[in-house]
Amino acid sequence: MRRADLADLAAFVAVADNLSFRAAASRLGVTPSALSHTMRHFEERIGVRLLNRTTRSVSLTDAGLRLLGRLRPAVEQISQALDDLKSEQEHPFGRLRLYVSHFAGVAVIAPIWARFLSTFPDVQLEVHTDEAPVDIVAKGFDAGIGPKFQAAADMIAVRVTGPMKAAVVGASAYFAGRRLPCTPDDLTQHSCVQYRLAGDGAVFEWVFERDGKSRRISVDGRITVNDPDLAVRAAVDGLGIVYTVEAHVDPFLRTEQLVRVLEDWSPSFEGLFLYYPGHRQVPVALRALIDMLRATHGWAPVKGSSEIPFAAE
């Protein structure tokens with residue numbers, strides 16, 4: 001159906017409901033003469049007279065009555081659908097799809113999802129975890145959570161974590177009988193757990209910083225993963241040294257399952273952001289999630305920070 005057909009049908013229903021061109025025109029926000037011209041053109045186009053009109057009154061022809069009878073259920077359904085959409089703006093409803101990094105899923109979403117779902121029982125939450133940047137709009141996601149640079153230039157980015165510090169760690173069993181690395185160059189004498197962002201992607205280079213200077217180091221090792229949890233598990237199992245985020249391994253450092261090295265070379269990173277397209281008509285469920293995350297964290301922007309580990313080049 002053409003857009004013009006919908007406009008003509010809406011005009012016809014308005015006139016039929018009011019039996020007055022003046023009242024119908026006021027409802028539609030047009031002039032009575034423009035509405036009369038629209039209806040005359042519509043009748044000529046379909047070859048059927050729908051209205052009887054004089055200078056004093058308007059009535060429906062038999063054909064007009066039949067058309068109105070068939071249109072009425074559809075008009076009521078459309079009106080109800082629009083009313084439902086308006087009510088949803090006050091009451092979060094429907095599916096909210098998020099594309100997040102593994103760490104964001106654990107550190108950002110998991111701590112609040114029980115409270116979020118209990119607060120908004122009519123929302124269904126879908127969380128897809130991966131590290132590779134994707135076009136979240138093309139893939140049908142409402143928002144993503146990851147490093148800020150993954151957001152397209154025209155997207156909105158909202159901070160959801162504070163700054164993060166890198167951590168280079170290994171198990172005590174691994175370091176037994178080996179010299180601890182004192183500089184990044186010492187890593188050439190060690191087995192390092194390598195991280196590949198995607199199946200055919202480049203292996204992540206380890207980023208170090210000291211005295212205002214930044215370095216990227218390519219490391220060697222017998223095991224390569226594309227999941228940060230597996231990388232940490234490999235370190236705990238004594239398979240080598242891992243480069244990760246401090247918050248990710250803090251529980252293992254506190255229990256002394258892992259030992260930290262090169263701390264004075266480990267840089268800080270900007271943190272994670274929730275990003276989504278456009279300022280206008282943000283889905284109400286997404287707005288509710290953003291408000292909850294802001295109330296939980298309330299982070300302020302951080303300037304002059306580096307890229308986050310495990311980010312795509």
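Guide: Two strands pair if DSSP finds at least two bridges between them. Strands (E, at least two residues) and helices (H or I, at least four) are DSSP runs, numbered from the N terminus. This is a predicted model, in which local features need pLDDT of at least 70 and side-chain atom pairs 80 or more, while totals for chains, interfaces and linings use all residues. Residues are numbered from 1 along each chain as its sequence is written, and side-chain values use heavy atoms, without hydrogens or water.

Visitor: Which residue stands opposite Gly 146 in strand 15?

Guide: Phe 273. Strand 5 and strand 15 run antiparallel, joined by 3 bridges. Strand 5 also pairs with strand 3, in the parallel sense, over 3 bridges. There Leu 98 stands opposite Ala 143 of strand 5.

Visitor: What is the strand order in the open sheet?

Guide: The order is 4-3-5-15-6, with mixed pairing. Strand 4 (123-129) and strand 6 (155-159) are the edges; each has a single partner strand, so one side of each lacks a neighbour in the sheet. Neighbouring strands are turned by 25° against each other on average, direction ignored. Strand 6 pairs with strand 15 (residues 273-277) in the antiparallel sense over 5 bridges. Within that pairing, Met 155 has Pro 277 as its bridge partner.

Visitor: Which way do the residues of strand 5 point?

Guide: In a regular strand the side chains alternate between the two faces of the sheet. Here Ala 143 and Ile 145 point one way, Gly 144 and Gly 146 the other. All are buried (under 20% relative accessible area, with a 1.4 Å probe and protein chains only; exposed is over 50%, partly exposed in between).

Visitor: At what angle do helix 2 and helix 3 cross?

Guide: Axes are lines fitted to C-alpha atoms, for helices over the stretch in contact; angles run from 0 to 180 degrees between N-to-C directions. Helix 2 (residues 21-28) and helix 3 (residues 32-46) cross at roughly 100°, their axes coming within 8 Å. That makes them roughly perpendicular (65 to 115 degrees; under 35 is roughly parallel, over 145 roughly antiparallel, the rest oblique).

Visitor: How many residues has the largest nonpolar core?

Guide: A core joins buried Ala, Val, Leu, Ile, Met, Phe, Trp, Tyr and Cys residues through side-chain atoms within 4.5 Å. The largest has 32 residues; Trp 206 and Phe 208 are among those with the most contacts inside it. Strand 9 (206-210) and helix 7 (228-236) are among the elements that each supply at least two residues. Apart from it lies another core, of 29 residues, including Val 100 and Met 292.
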